[in-house]
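Subject: Structure handover

Hello,

Here is the structure for you to open. My notes on what turned up in it follow below.

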Amino acid sequence: APAPYAVLSLCQWLCASRAFLETPGALEDPVPREREDASSSEEDAVSHAADALLESFRANPAHLIGPDVPPRAARAALWRYLESLPEPPVAFSLYAALAREDPADVHAPAAQKSAERESEAEKSDAAEALVGLLPPARRAALECVLGLAARVVAAAASRGDAAEAAAAAA
């Protein structure tokens, strides 16, 4: 089964949006609940536009996103769609295996942790193998979202926003 068109379309549209990529904090909370520089009416407009966009995808799964859609609304629609899934793109059963640290090791001494850690290449290979176990639709959706995140990191780095690039990469 193909990746949900809403995920594919929204990720590609956001990757192509210069306004989105040039926005500091592009992947932060799409509609912050408490933000001093945003009026309630602005948040309502973004929320309404995101809902309308999601409704367009429900009515027509092959909906094309127009150039007049605000980037914040497209981002909010993507987040809401992902939050509405019964299970995220990385299945709950695989999430623990993909986590960088075993929760049981959090309180272990640093020397013990570093002695027990695998190399970064081994971790990457293990994560790749686990992602390969995902059903094709989930894997494609995950690749779209990670591709969008990589594009945001690259845009932040090209702007010289090292703090944002490091935070987005983490």
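Start with E55 and R58: they sit 3 residues apart in helix α3, so about one helical turn separates them. Their side chains meet in a salt bridge, at 3.0 Å from N to O. A salt bridge here is a side-chain nitrogen of Lys or Arg within 4 Å of a carboxyl oxygen of Asp or Glu. E55 is partly exposed, with a relative accessible area of 45%. R58 is exposed, at 57%. On that scale, buried means under 20% relative accessible area, exposed means over 50%, and partly exposed lies in between (1.4 Å probe, protein chains only).

Before the rest, two notes on how to read the model. This is a predicted model, with residues numbered from 1 along each chain as its sequence is written, and side-chain values use heavy atoms, leaving out hydrogens and water. Local features need pLDDT of at least 70 and side-chain atom pairs count only at pLDDT 80 or more, while totals for chains, interfaces and linings use all residues.

Overall layout

The protein has 9 helices and 0 strands. From the N terminus on, the order is therefore simply α-α-α-α-α-α-α-α-α. Helices (H or I, at least four residues) and strands (E, at least two) are DSSP runs, numbered from the N terminus. Of the 170 residues, 32% count as buried. The protein exposes about 10,400 Å², and carbon and sulfur atoms supply 58% of that. Accessible areas come from the Shrake-Rupley method with a 1.4 Å probe; for residues, only the protein chains shown count as cover.

Now the contacts, meaning heavy atoms within 4.5 Å. Take those with a separation of 6 or more: residues 24 or more positions apart account for 73% of them.

Other salt bridges

How many salt bridges does the rule give? The count comes to 4. E55 with R58 is one of them.

D51 and R80 form another, with 2.6 Å between N and O. D51 lies in helix α3 (residues 40–59) and R80 in helix α4 (residues 71–84), so this pair ties together parts that are 29 residues apart in sequence. D51 is partly exposed, at 41% relative accessible area. R80 also counts as partly exposed, at 22%.

R18 pairs with E22, and their closest N and O atoms are 3.4 Å apart. R18 is exposed, with a relative accessible area of 62%. E22 is partly exposed, at 47%.

S9 is in helix α1 (residues 5–16). Is S9 buried or exposed? S9 counts as buried, at 10% relative accessibility. Leaving aside neighbours within four places in sequence, S9 is in contact with F57, H63 and I65.

L94 is in helix α5. L94 counts as buried, at 13% relative accessibility. Which residues does L94 contact, leaving aside its neighbours within four places in sequence? They are L130, L133 and L134. L94 and V131 are 37 residues apart in sequence, and their C-alpha atoms are 8.2 Å apart in space.

A155 is in helix α8. A155 is buried, with a relative accessible area of 12%. The C-alpha atoms of A155 and T23 are separated by 9.2 Å, yet these residues are 132 apart along the chain.

The second largest pocket

Rolling a probe the size of a water molecule over the atoms shows where empty space is left. The search uses a 1 Å grid over the protein atoms alone and a 1.4 Å probe. A pocket is an open set of points with protein on both sides within 12 Å along at least five of seven lines, and lining residues have an atom within 4 Å of a point.

The second largest pocket has a volume of about 340 Å³. Of the 11 residues that line this pocket, the closest to its centre are P89, V90, L142, V145 and L146. Two elements give two or more residues to the lining: α5 (92–98) and α8 (136–159). The largest share, 4 residues, comes from α8.

What is the make-up of this lining? It divides into 11 nonpolar, no polar and no charged residues. Ala, Val, Leu, Ile, Met, Phe, Trp, Tyr, Cys and Pro count as nonpolar, Asp, Glu, Lys and Arg as charged, and the others, Gly among them, as polar. For the volume, grid points are joined across faces, edges and corners, and the space filled by probe spheres set on the points is taken.

Best wishes
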